[in-house]
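Visitor: I have a model open and would like to learn how to read it. Could you walk me through a few features?

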Amino acid sequence: MDILKVLSRGIKPSQKNKAQASGATTQLPSAGALPHPQLFHDPVSARGKKRKRRRGAQEDEPEEDEEEMSDVDYFAPKKPATEAVQVDADQETPKKRKIKLLDEDECRQILRSHRLKFTILSGGRTVEAKVEEKGEGAAEKQKSKKQKKEAENKKAEDKKAEDKKQIFPQPLTSFGELRNVYEVSPQIAANISAQGFRVPTEVQMGSLPLLLRPATALKKSASADTVDVSNGADFLAVAPTGSGKTITFLIPAIDGVLRRRAEQQRPNDEHVLEAVVVAPTRELASQIVNEGRKLAIGTGVRVVLMKRTLRLAAEETVENKQSRDKEEESGKEESEGEEEDEQDEESDDDDDDDDDESEKEERKKTKGESKPPARVDILVTTPKILLNFLSGKSSKPGKSSGARKILPTVRSLILDEADVLLDPIFRRQTMAIWRACTHQDVSLTCWSATMASNIEALITKQLSKRAKQAGTAVARPLIRLVVGLKDTAVPNVTHKLTYTATEPGKLLALRQLLHPASSADSGPPLRPPFLVFTQTIERAQALHDELKYDIPAEAGGSARVAVLHSSMADAARSRIMARFRAGEVWVLITTDVLARGVDFAGVNGVVNYDVPTSAAAYVHRAGRTGRAGREGGVAITFYTKDDIPFVKSVANVIAASERQAGKGGTDGAAVQKWLLDALPKVAKEDKRKLKVRGVESRRTGGKAAITTKSSWERRREHNRAQAIEASKRRKRQRREEQGKDNTKTARGGGGGGGEEDEGEWGGLDD
Ligand SMILES: Nc1ncnc2c1ncn2[C@@H]1O[C@H](COP(=O)(O)OP(=O)(O)OP(=O)(O)O)[C@@H](O)[C@H]1O
């Protein structure tokens with residue numbers, strides 16, 4: 001049996017698929033109003049009624065949602081607080097009323113029902129006590145070497161299990177509690193409501209209480225005496241793509257600024273840099289700024305995007321000041337420690353290299369002038385651009401002045417897409433930024449849909465190192481929240497794996513998605529707008545060249561297909577993003593630069609033209625569709641023979657997603673269990689290589705070049721198209737000349753025929 005053919009069955013139109021296809025229009029994620037944003041609401045057994053999550057609730061039904069929620073037993077004690085929610089921006093102080101918090105059992109049930117799991121990874125009193133106990137115990141035992149080792153291994157495992165202690169904090173059951181229980185400013189509450197957010201998503205439900213008021217969140221928890229949150233907590237959230245992590249970290253950041261401003265009685269127009277949000281790409285960073293500004297309307301909090309020309313109120317470190325003084329004394333112009341970019345050049349994740357013309361202009365103007373620091377409360381940045389500023393690189397592009405600056409006022413460091421920011425690609429830059437946040441109470445929060453255990457270990461180690469350096473008696477706890485209990489899944493999307501024997505076969509398959517009517521075997525409907533991911537920039541460009549005339553002129557022509565990658569200038573990237581968001585671009589061909597974080601609500605699907613290079617990459621790419629609970633998103637992954645060794649990790653994610661969505665094991669599943677078992681396992685080393693380099697044969701055109709035709713055929717087609725165009729032009733000119741000569745006799749004779757449609761397909765003549 002040919003395993004490759006069988007694998008591609010998932011995409012063939014079964015009766016079920018056909019039925020889905022016929023009803024597809026209404027199911028498309030870009031259709032309809034804001035959906036219910038919660039992914040999970042499992043029935044609970046001990047208390048509370050059995051209740052399934054209701055899908056497809058409409059935006060204009062908020063009361064019904066809230067009603068439905070208050071239906072459940074365990075919400076009952078909070079009812080007065082929930083009912084009291086009156087979003088009123090003019091109200092300066094929250095209503096003082098006695099809030100009844102849920103007891104731990106009630107918390108546990110709600111958290112379980114929404115698949116929220118909290119674990120203390122490090123810090124807090126218990127962990128430290130246990131470490132001491134272990135030391136004493138070990139000293140007592142004198143056993144044989146082997147026995148001792150076994151006992152040690154067991155102890156280590158037990159300790160691991162104990163350390164990873166679960167906690168059950170208060171969940172945020174409605175946005176009204178933000179104001180009434182967690183005392184968030186009424187203006188923020190009003191801004192949330194103004195965006196139409198009615199029900200908190202799971203990640204918001206779990207994170208907001210702990211991040212806003214950790215002591216309140218853990219007040220009823222038996223674990224409260226084992227976790228010391230008096231000094232706050234560091235936090236790591238792993239939650240599905242599109243589950244609303246952005247506002248989850250922005251709300252506490254804005255609230256923190258407002259709270260400290262009130263405590264220190266600072267005026268509204270005095271701005272202190274208190275939070276730094278780091279994101280891996282410029283597109284994501286500017287999206288976060290937009291979200292932040294919407295939440296901060298009317299609060300006076302300034303959310304600013306880092307730019308090369310921006311001056312922050314940073315301090316120079318003492319060491320660097322001394323070394324600079326020394327250098328100046330010895331007449332040396334530059335210090336040696338020039339920052340090198342360790343970033344993998346092939347990676348398309350970072351993107352700070354190109355510059356806006358306007359920014360260059362600005363730089364010219366400000367050269368030599370010392371600008372006053374910008375008024376910023378919350379800074380959003382990509383790693384390199386902030387590090388350039390901190391290392392003094394921005395003042396002299398390409399050269400470091402050797403100065404190192406610190407950001408002592410920053411109280412909150414937020415790493416969005418933390419796993420990639422702490423991956424070797426960005427690690428050095430991210431760590432340097434973290435080190436520059438020198439305030440002893442700086443809290444770290446990390447966010448992603450995927451988190452490898454080595455990254456968690458790195459965070460834990462770094463936090464305990466910092467705690468030791470600061471001489472903190474009890475390290476702040478690092479609390480991890482996992483939503484969905486399985487981090488490598490995209491449950492809200494329909495997944496398809498499609499095998500094509502050759503590279504040109506992929507192009508044909510993609511064309512079939514664009515023109516499904518042209519083939520009986522067209523697979524699932526994939527209506528524009530959709531994203532197409534390739535492995536490299538060159539392949540994205542080549543695919544764009546190949547597809548740009550596929551949309552007929554009457555439907556918008558080549559303007560409907562666009563390409564976006566990190567070699568393009570800033571302004572061009574922003575323009576394409578805006579056109580895609582506005583629905584003007586239907587097919588956006590891109591690289592992994594758009595794989596993470598970017599939120600396009602209306603995207604109906606994702607095509608992995610080239611197989612993603614890791615399970616995490618698959619999760620993030622597929623997660624560009626089916627966001628905020630939208631159903632009907634499709635993720636299609638093409639693969640060829642070259643990809644076989646690497647399909648297993650993608651297939652595993654698909655299987656996990658289907659299991660989470662309750663679809664596993666059915667005939668409609670994209671990957672059957674036995675198939676999963678049959679796919680070859682990938683060696684660790686190969687996995688690592690693939691992650692860094694992608695499929696080798698695709699790195700250099702060659703046999704993997706994107707086209708269905710030979711270059712000879714393309715050239716011939718191009719020449720033919722040009723010849724036809726020239727002939728049309730000549731005919732037109734002749735007619736115009738004749739028309740001039742015979743104006744009286746040529747009544748109605750000159751403009752007819754079918755030749756006037758100049759916008760028609762004209763071949764590859766660009
Ligand atoms: N409570 C809510 N109700 C409805 N929509 C929401 C809610 N919270 C956030 N959203 C919307 O959900 C969408 C996805 O949010 P966001 O971009 O923050 O997801 P994310 O979890 O960061 O995803 P990713 O992992 O891909 O970065 C956004 O359009 C956001 O406005």
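Visitor: Which residues does Leu510 touch, not counting residues up to four places away in sequence?

Guide: Keep in mind that this is a predicted model. Leu510 touches Phe530, Val532, Leu543, Leu547, Val607, Tyr609 and Phe638, leaving aside residues up to four places away in sequence. Leu510 itself belongs to helix 21, residues 503–514.

Visitor: Is Leu510 buried or exposed?

Guide: The cut-off for buried is under 20% relative accessible area. Leu510 has 0% relative accessibility, so it counts as buried. As for Ile636, 126 residues away along the chain, its C-alpha atom is separated from that of Leu510 by 9.7 Å.

Visitor: Val532 was on that contact list. What is the bridge partner of Val532 in strand 15?

Guide: That's Ile589. Strand 13 (residues 530–533) and strand 15 run parallel, joined by four bridges. Strand 15 also pairs with strand 14 (residues 561–564), again in the parallel sense and over four bridges; there, Val561 has Val587 as its partner.

Visitor: How should I read the two faces of strand 15?

Guide: Start with the general idea: side chains in a regular strand alternate between the two faces of the sheet. In strand 15 (residues 587–590), Val587 and Ile589 sit on one side, with Leu588 and Thr590 on the other. All four are buried, so both faces are covered.

Visitor: And what do strand 14, helix 23 and strand 15 make together?

Guide: A right-handed β-α-β unit, with helix 23 spanning residues 570–581.

Methods
Residues are numbered from 1 along each chain as its sequence is written. This is a predicted model: local features need pLDDT of at least 70, side-chain atom pairs count only at pLDDT 80 or more; totals for chains, interfaces and linings use all residues. Side-chain values use heavy atoms; hydrogens and water are left out. Buried means under 20% relative accessible area, exposed over 50%, partly exposed in between (1.4 Å probe, protein chains only). Two strands pair if DSSP finds at least two bridges between them. A crossover is right-handed if, with the strands pointing away from the viewer, the path from the first strand over the helix to the second runs clockwise. Contact means heavy atoms within 4.5 Å.
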